[in-house]
Amino acid sequence: MTVYAQVEGPLGAMLLVGEESGDGAVALVSLSLPEQKGAVAVREGWRHAPGAFEPVAAQLEEYFAGRRRVFDVPVAAGDVGSEFQRRVWRAVEDIPYGTTASYGEVAARVGVTGAGVRAVGTAIGRNPLLVVRPCHRVIGADGSLRGYAAGPERKERLLGIEGALVR
């Protein structure tokens with residue numbers, strides 16, 4: 001069953017969506033932000049279950065307060081994204097807290113060169129787990145804060161929390 005909750009934070013009301021297993025455990029499927037490009041919307045048949053997301057909400061609160069560097073939440077593996085997207089997302093997950101990597105560097109980590117860098121950017125843009133999967137740590141080769149689905153001001157805020165602003 002798909003469950004959801006909204007959690008307030010410094011970036012706005014974050015929509016958390018997860019899949020509940022038979023034992024009641026919830027694996028996170030999506031974390032989206034208000035006015036985000038490609039944001040998830042609550043669908044009919046989903047169950048509002050704020051209690052199911054308490055561990056995620058607590059970790060988000062710790063992150064925004066500067067007390068958490070790595071998220072440890074169950075994430076739905078299933079058929080979310082293509083194999084290429086999952087490779088790119090794993091590379092993004094390997095970018096340490098407080099640091100950044102360029103799109104070209106992420107492309108090199110997944111074995112893509114030349115025009116393939118654009119495909120890497122597209123895969124990063126389709127990351128369904130904003131904040132938790134740190135696509136905000138990917139920047140332009142010139143240090144610019146390009147391409148964040150929730151807007152450059154939010155990307156800048158997240159990098160500021162981590163002390164990773166390159167400006």
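1. Start with two helical and strand elements, E3 and H2. Each supplies at least two residues to the lining of the second largest pocket. H2 gives the largest share of that lining, four residues. Keep in mind that this is a predicted model.

2. How much space lies in the second largest pocket? About 450 Å³. Its lining counts 25 residues, and the closest to the pocket's centre are Val75, Glu93, Leu129, Val132 and Arg133.

3. The make-up of this second lining is worth a look. By class, 18 of its residues are nonpolar and seven are charged.

4. Now turn to the largest pocket. Its volume is about 670 Å³. Lining it are 36 residues. Thr122, Ile124, Gly125, Arg126 and Asn127 are the closest to its centre.

5. Which elements give two or more residues to the lining of the largest pocket? Two are strands: E2 (12-20) and E3 (26-32). Three are helices: H2 (83-93), H3 (103-109) and H4 (116-125). H4 makes the largest contribution to this lining, with six residues.

6. By class, the lining of the largest pocket has 15 nonpolar residues, 15 polar ones and six charged ones.

7. One link deserves a check in the viewer. E3 and H2 each give two or more residues to the lining of the largest pocket. E3 and H2 also each supply at least two residues to the second largest pocket's lining.

Key:
Residues are numbered from 1 along each chain as its sequence is written. This is a predicted model: local features need pLDDT of at least 70, side-chain atom pairs count only at pLDDT 80 or more; totals for chains, interfaces and linings use all residues. Side-chain values use heavy atoms; hydrogens and water are left out. On a 1 Å grid over the protein atoms alone, a cavity is a set of points where a 1.4 Å probe fits but cannot get out, and a pocket is an open set with protein on both sides within 12 Å along at least five of seven lines; lining residues have an atom within 4 Å of a point. Grid points are joined across faces, edges and corners, and a volume is the space filled by probe spheres set on the points. Ala, Val, Leu, Ile, Met, Phe, Trp, Tyr, Cys and Pro count as nonpolar, Asp, Glu, Lys and Arg as charged, and the others, Gly among them, as polar.
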